[in-house]
Amino acid sequence: MKLFVHFSVSIFENTYLVGPDRGGEAILVDPGMMDIQLLKLIEGERYQIRSILLTHANQDRLRGVKTLLKIYDAQLYSNRPRIYDCECHKLSDGDRITLAGLTVEAMDVSGRAGDSLVYRMGDLLFTGDLLGAGRVAKSLNPYARSLLVSSIKERVLALEDRVAILPAYGPPTTVGVERAINPLLSEPQGGLYRREDA
Amino acid sequence: MSNERPSGYREAMLSFAKCAIPSCPEHAATGSDRCLRHSDSPEELKREAASLLSRTREHERLNLSGMSFSGLDLSGHQFASCLFSRAAFQAVNLRGCSLHLCFFDFAELTDCPFDGSKIMYTVFAGARIARCDFSGCDLLHANLNGVDCLETKFDDSDLYFSRFIASRLTAVSFVDCNLKKVYFSAAILNQVSFKYSNYEEAEFKEDSILP
């Protein structure tokens, strides 16, 4: 299995391309923007995109999808049956599917807008904007924040230290690193650095 | 459409065999079916690892976590998808290297020159970094959260999208660096220089990491 990171300079996001060693069917995770560099990468590796995994159905996650669907006969996967005018294969927490020869497990890490999924493939965890290195996604209010932090602790930090976290924004990290270092996850209330503490 | 990969991309292959001890969650070390801790001959494994690093210049999918290296000259080497978690590097020359999706989390890096290296999507989080030189590096999308960094230079480097969240930086210089979208939130800075750098484009506020 090969993994490529594509960084879109227009929306500052990472898109991940996962595929077999010698071309064939491949997976895109969160193609926020479809640009010529990403197309060259896909074609250069002799991949055909058959599956597009979306961690969160916001506009940033969807910009590239419509373009991709004009080029490739791909199936969308998210936790909604439809995103705008695009039909999706709806996934729920614990669902396991095989895509491009890889087992993909969907995890519902709720507490935010309730429509985020993270995807595990082996020791890789694609977290979208839910959890990045030293950060977690923004919440609408303290209650939502508390839910989100609890959920990340229960679901994500329970995984093995070695699991690599590949977020939509910023650098990679690992479960072990976030458990030890992320200041927002190191306290029961959800962070050492709350605004009210400053 | 050309069937060649565009420049700037490097594949990662982050799939490693598990340690043969059923209850162990670690990856097997390169050259063994067990992790370093469960190896029958850890010292021999370390010697083989040092030899392996010196023999070739392109390294991919190595798991040398927990090992110690001293005095090696690895300048100009290329590393992709390599695990050096909790490893110790003492006076190892890593000048002009290429590092892509490598993991040095909780490692100890002492007196190691990295100057002129291209370091992308690499994790140094939780590492202890003392008297290292990252001058003139492309240090892009690097995770240096929680590092304890002492007397180290990042001068003339591009640190775009790298993070130093909750780190402790003492006598560290970032002279003439690109600090756009670099996070220093919740970091403890002591004798840190940002001379000639665009530090106004970096993020220092603790509440910037609030959810």
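## Polar contacts between the chains

Across the interface of chain B and chain A, eight residue pairs are found in polar contact, both partners being at pLDDT 80 or more. The side of chain B that touches chain A is made up of 23 nonpolar, eleven polar and eleven charged residues. Keep in mind as you look around that this is a predicted model.

The rule also finds one salt bridge across the interface of chain B and chain A. D123(A) pairs with K18(B) in a salt bridge, and their closest N and O atoms are 3.3 Å apart.

## Extent of the interface

Let's step back to the whole interface. Here, 45 residues of chain B are in contact with 50 residues of chain A. The size of an interface is often given as the accessible area lost when the parts come together. For chain B and chain A, the buried area comes to about 4100 Å², with 65% of it on carbon and sulfur atoms.

## Two backbone angles in chain B

Most residues other than glycine have a negative phi. Two residues of chain B are worth a visit on this point. S81(B), which is not a glycine, has a positive phi of about 55°. This serine sits in the loop between β3 (78-80) and β4 (88-90) of chain B. S81(B) counts as buried because its relative accessibility is 0%, below the 20% cut-off.

Y196(B) is not a glycine either, and has a positive phi of about 65°. Y196(B) lies in the segment after β12 (188-190) of chain B. With a relative accessible area of 62%, Y196(B) is exposed, since the cut-off for that class is over 50%.

Note on methods
Residues are numbered from 1 along each chain as its sequence is written. Chains are lettered from A and ligands numbered from 1 in the order in which they are written. This is a predicted model: local features need pLDDT of at least 70, side-chain atom pairs count only at pLDDT 80 or more; totals for chains, interfaces and linings use all residues. Side-chain values use heavy atoms; hydrogens and water are left out. Contact means heavy atoms within 4.5 Å. Buried area is the accessible area (1.4 Å probe) that two parts lose on being put together, summed over both. A salt bridge is a side-chain nitrogen of Lys or Arg within 4 Å of a carboxyl oxygen of Asp or Glu. A polar contact is a pair of N or O atoms within 3.5 Å; within protein, one must be able to donate a hydrogen and the other to accept it, and residues adjacent in sequence count only if both atoms are side-chain atoms. Ala, Val, Leu, Ile, Met, Phe, Trp, Tyr, Cys and Pro count as nonpolar, Asp, Glu, Lys and Arg as charged, and the others, Gly among them, as polar. Helices (H or I, at least four residues) and strands (E, at least two) are DSSP runs, numbered from the N terminus. Buried means under 20% relative accessible area, exposed over 50%, partly exposed in between (1.4 Å probe, protein chains only).
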